[in-house]
Amino acid sequence: LWYYYSPFFAWVMSLFTYLPQNPVTTLPIPLGQAVLKALWGGLNLLLIVRVLGIVADEISGAGKTRAQLWFWGLLMAMSYRWLFMNILYGQMTILVLWGVAEAYRSKPVAEWRRWGGLALGINIKILPLFFYGLQFWRAVLSKKAVEWRAMAWISVWLLVLLIVPYLFVEVGFHNELIKDWLDIINPAAKEHILEVGEGGFIDFGAIVTKYFTHLPIPKETSYEFEPEGSGLGD
């Protein structure tokens, strides 16, 4: 399993290694890891409350139809299991969701604060990078200063999160970490083209690979259902 998160996130995690490493449960879990797990679970709960508050603000505004209220209510009710699973396994999805929700809520808020959470999600998980591209196209198409300012704030936050570890980590070592990180998250890398290392877990992108190309997927059977003459298998 590869570590895809950022050097900044690794540095934050490393701080908990300074706590005593004696086991504190029936399993050999050290105190530092147990404290980290508890804090992360508590943070996720706070972020869920925050996201629910943002959603409540959005749906309580004037002009909301009964159908929209039903939609949001059912969506939140059906999200319970996924929220529970994310907390149980210490996933990053809730953090990403919070960052996006804060960035695109309609309520006016200071711009540095609005885009900080989104930049944090991009730095750690990469997934919200889509919204960075979205802001670029908004700025290009609208030609509005507010959209360019959003791009600028996201860029500043990303730079800050990249630089902060330099204050505590040896410069040459951190340079190596950044280089290795950029190599690992390179979208053209083979690991991101083929589904590797997690046989049985097929995402939407890998469905195309599995059913419509000749590319091998470890631990998966290839079916190659491409239309005749389509060239998809080439």
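**Group meeting: contacts in a predicted helical model**

Let me start with His174. Setting aside neighbours within four places in sequence, His174 is in contact with Pro7, Leu162, Pro165, Tyr166 and Val169. His174 sits in helix α9, residues 171-184. Its relative accessibility is 1%, so His174 counts as buried. Please keep in mind that this is a predicted model.

Next, helix packing. Two packed helices are described by the angle between their axes and the distance between the axes. Helix α2, residues 31-59, packs with helix α3, residues 66-78, at an angle of about 170°, and the axes are 11 Å apart. Angles over 145 degrees count as roughly antiparallel, so α2 is roughly antiparallel to α3. Which residues make the contact? From α2 they are Leu52, Val55 and Ile59, and from α3 they are Leu69, Trp72 and Met76. By class, the contact of α2 with α3 has 6 nonpolar residues, no polar and no charged ones.

On to aromatic pairs. The count comes to 11 aromatic pairs. One of them is formed by Phe8 and Trp11, a tilted pair with 6.0 Å centre to centre and 45° between the planes. Phe8 and Trp11 are 3 residues apart in helix α1, residues 7-14, so about one helical turn separates them. Both Phe8 and Trp11 are buried.

Phe136 and Trp148 have ring centres 6.2 Å apart and planes at 85°, which means the pair is edge-to-face. Here the pair links distant parts of the chain, with Phe136 in helix α7 and Trp148 in helix α8, 12 residues apart. Phe136 has a relative accessible area of 36% and is therefore partly exposed. Trp148, at 40% relative accessibility, also counts as partly exposed. There is an aromatic cluster as well, formed by Tyr3, Tyr5, Phe9 and Trp40.

Now the charged side chains. How many salt bridges does a search of the whole structure find? It finds 5 salt bridges. Arg105 forms one with Asp57, and the closest N and O atoms are 3.2 Å apart. Arg105 is in the loop between α5 (93-103) and α6, while Asp57 is in helix α2, so far as sequence goes 48 residues apart. Arg105 is buried, with a relative accessible area of 8%, whereas Asp57, at 41% relative accessibility, counts as partly exposed. Arg50, Asp57, Glu102 and Arg105 are linked in a network of salt bridges.

Arg149 and Glu111 meet in a salt bridge at 2.9 Å, N to O. Arg149 lies in helix α8 and Glu111 in helix α6, so this pair ties together parts that are 38 residues apart in sequence. Arg149 counts as partly exposed at 39% relative accessibility, and Glu111 counts as partly exposed at 23%.

Asp183 forms a salt bridge with Lys179, with the closest N and O atoms 3.3 Å apart. These residues, Asp183 and Lys179, are 4 residues apart in helix α9, so about one helical turn separates them. Asp183 is partly exposed, with a relative accessible area of 44%, and Lys179 is exposed, with 53%.

Last, the backbone. Most residues other than glycine have a negative phi. Ile126 has a positive phi of about 75° although it is not a glycine. Ile126 is in the loop between α6 (111-125) and α7 (129-142), and at 24% relative accessibility Ile126 counts as partly exposed. Lys143 also has a positive phi, near 55°. Lys143 is in the loop between α7 and α8 (145-163), and at 70% relative accessibility Lys143 counts as exposed.

Notes
Residues numbered from 1 in each chain as written. Predicted model: local features only at pLDDT ≥ 70, side-chain atom pairs only at ≥ 80, totals over all residues. Heavy atoms only, no water. Axes fitted to C-alpha atoms, helices over the stretch in contact; angles between N-to-C directions. Helix = DSSP H or I, 4+ residues; strand = E, 2+ residues; numbered from the N terminus. Parallel < 35°, antiparallel > 145°, perpendicular 65-115°, else oblique. Contact = heavy atoms within 4.5 Å. Nonpolar A, V, L, I, M, F, W, Y, C, P; charged D, E, K, R; others polar. Buried < 20%, exposed > 50% of the residue type's maximum accessible area, 1.4 Å probe, protein only. Phe/Tyr/Trp six-rings, centres within 6.5 Å; stacked < 30°, edge-to-face > 60°. Salt bridge = Lys/Arg side-chain N within 4 Å of Asp/Glu carboxyl O.
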